[in-house]
Amino acid sequence: MMASKTPEGSLTNSSQSMSINTLADQVSSSLSFADPSSDGKTGNSKINEQGESGKSSTCRPSTSSDISDESTCSSFSSSINKPHKANDVRWEAIQAVRTKHGGLGLNHFRLLKRLGCGDIGTVHLAELNGTRCYFAMKVMDKTALASRKKLLRAQTEREILQCLDHPFLPTLYSHFETEKFSCLVMEFCPGGDLHTLRQRQPGKRFTEQAAKFYVAEVLLAMEYLHMLGIIYRDLKPENVLVRDDGHVMLSDFDLSLRCTVSLSIVRSANVGSEGLSKNSVSCSQQPACIQQPSCISMAPTSCFGPRFFSSKSKKDKKPKTENGNHQVTPLPELVAEPTGARSMSFVGTHEYLAPEIIKGEGHGSAVDWWTFGIFLYELLFGKTPFKGSGNRATLFNVVGQPLRFPESPVVSFAARDLIRSLLVKEPQHRLAYKRGATEIKQHPFFEGVNWALVRCASPPEIPKPVDLEALNPTPTVPAAASSSVRSDQSNYLEFDFF
Ligand SMILES: Nc1ncnc2c1ncn2[C@@H]1O[C@H](COP(=O)(O)OP(=O)(O)OP(=O)(O)O)[C@@H](O)[C@H]1O
């Protein structure tokens, strides 16, 4: 079943290189990965490109980099290159400190609480001194990064964060370095993650309506990432954080792959691959994160009368011609799927790994659509479809077992059909393989979704407000962080925050 062997050897892709083992080696090495299922998380251990288990479900890894204060970076984060986030007072607060002190450092922040730890970084809730502006600050030990060969992962994550400007993706406000640490100052999400939120739902699963909302936002975020040539590769509920307004934000980009992407405007509404090649206006290939795609001009959307789910079906709303026939006016479709991207890395989280990753066949952007299917399944059924008794069994199930749905809860045909179309083992037959998110948006499961107004829709749940001002600063955070993120966290005051 999983016997197809990949020749051993060293392969490279656009941003990373790694040694590829045989499938058998990969599977057996996965046996030594810690199985964090003990705490009930679906995450399983996360696998990085070295094939090592980077995290446990209670302490998830991440990394950072080696560039000095962002004011010296060529592509630093600022409100100028993030027009969608420009009206945010936090930019001004940061800029004021920078202007006054000539830069930004750890001493300008009060670290209030440890929010979590990743592979080699710890994330803190931080207040910019005296401003009531709160951030999630990821603090990484540079020596640990270098000794564990994680500098590239850290750099990838930082560079990706720097170029994001999307409602469902994190804003990076600043990056600075001290002698020991590399720090990313990001948007803080007070609502916890979707995994935790799911545990609190009746039956530990979301209603179909709630799941539709969350996956719609994730889909838009992934579409944007693909547009920038970024394959996310680590979608799972733990990486989807909930903002104070109940909308979500994808986090954790250290396993992402950057590649080139060709953007196409497809003029026909109903096209297959033929339509793509005939009707597309193709932009030249742009390296991800170097330049924003210049060929797309996005009209500003109005949020008046937001309606996420329209009451009428699409069929009913089609305009009619004078003789009463439905007139179909095809809108141009943007297709931005990095279909040519290929990586041989063995990365991801066991229950979410796509078959082509496990088999070591090389993978591209279709892995994100596989994980999207697993994600939707988990939100609806409260478990992932291929989970085995251990990591090895899980990997075998992903590759060899057919998809099955539990008898309960009862889930709509459209939802099951979408999942079935996404969890196709051969990537070339998977939904969205050719035209990316566009294909998924058109699936009947999303019928009636007003994609332009998703960001204005009412979320299923809004987190309880947290009194951040009542928090006391962590007494010795830089010292605590300096003991490396893998050290015990006893210096931190732990309490129920979310
Ligand atoms: N912007 C944020 N707002 C609130 N909490 C966050 C934010 N970013 C991260 N966290 C919390 O901090 C934890 C650690 O995040 P981090 O990105 O370092 O690691 P990770 O997601 O576990 O994965 P990795 O090991 O790949 O870095 C997360 O699990 C999350 O709970």
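**Domain contact and local features of a predicted model**

Pro463 is found in the loop between α13 (437-441) and α14 (477-482).

User: In this predicted model, which residues does Pro463 touch, not counting residues up to four places away in sequence?

Analyst: Pro463 belongs to the loop that runs between α13 and α14. Its C-alpha atom and that of Gly192 are separated by 8.6 Å, although the two residues are 271 residues apart along the chain. Beyond four places in sequence, the residues that Pro463 touches are Gly191, Val242, Arg243, Asp244 and Gly246.

User: With which residue does Arg243 form a salt bridge?

Analyst: Arg243 is one of the residues touched by Pro463. Its salt bridge has its closest N and O atoms 2.5 Å apart, which is inside the 4 Å cut-off for such a pair. The partner of Arg243 is Glu187.

User: How many salt bridges are counted between domain 1 and domain 2?

Analyst: The protein is divided into domain 1, residues 84-187, and domain 2, residues 192-265 + 334-456. Their contact takes 17 residues from domain 1 and 20 residues from domain 2. Across this interface 8 residue pairs are in polar contact, both members at pLDDT 80 or more. The count of salt bridges between the two domains is 3.

User: Which helix gives the largest share of the side of domain 1 that touches domain 2?

Analyst: By class, this side of domain 1 has 8 nonpolar, 3 polar and 6 charged residues. The largest share amounts to 6 residues and comes from a helix spanning residues 151-162. That helix is α4.

User: What is the value of phi at Lys149?

Analyst: Lys149 is placed in the loop between α3 (142-147) and α4. Its phi is positive, in a residue other than glycine. The value is near 55 degrees.

User: Which residue does a cis peptide bond join to Ser408?

Analyst: The residue in question lies in the loop between α11 (391-400) and α12 (413-422). Omega of the bond is about 0 degrees. The residue joined to Ser408 is Pro409.

User: Over which residues does pLDDT stay under 50?

Analyst: The mean pLDDT of the protein is 73, and 64% of its residues reach 70 or more. One stretch under 50 has 111 contacts beyond four places in sequence in the model, and another has 71 such contacts. Where pLDDT is low, predicted coordinates should not be read in detail. The stretches are, respectively, residues 49-76 and residues 269-307.

Notes. Residues are numbered from 1 along each chain as its sequence is written. This is a predicted model: local features need pLDDT of at least 70, side-chain atom pairs count only at pLDDT 80 or more; totals for chains, interfaces and linings use all residues. Side-chain values use heavy atoms; hydrogens and water are left out. Domain bounds come from an automatic or database domain assignment. Contact means heavy atoms within 4.5 Å. A salt bridge is a side-chain nitrogen of Lys or Arg within 4 Å of a carboxyl oxygen of Asp or Glu. A polar contact is a pair of N or O atoms within 3.5 Å; within protein, one must be able to donate a hydrogen and the other to accept it, and residues adjacent in sequence count only if both atoms are side-chain atoms. Helices (H or I, at least four residues) and strands (E, at least two) are DSSP runs, numbered from the N terminus. Ala, Val, Leu, Ile, Met, Phe, Trp, Tyr, Cys and Pro count as nonpolar, Asp, Glu, Lys and Arg as charged, and the others, Gly among them, as polar. pLDDT is the predictor's confidence in each residue, from 0 to 100.
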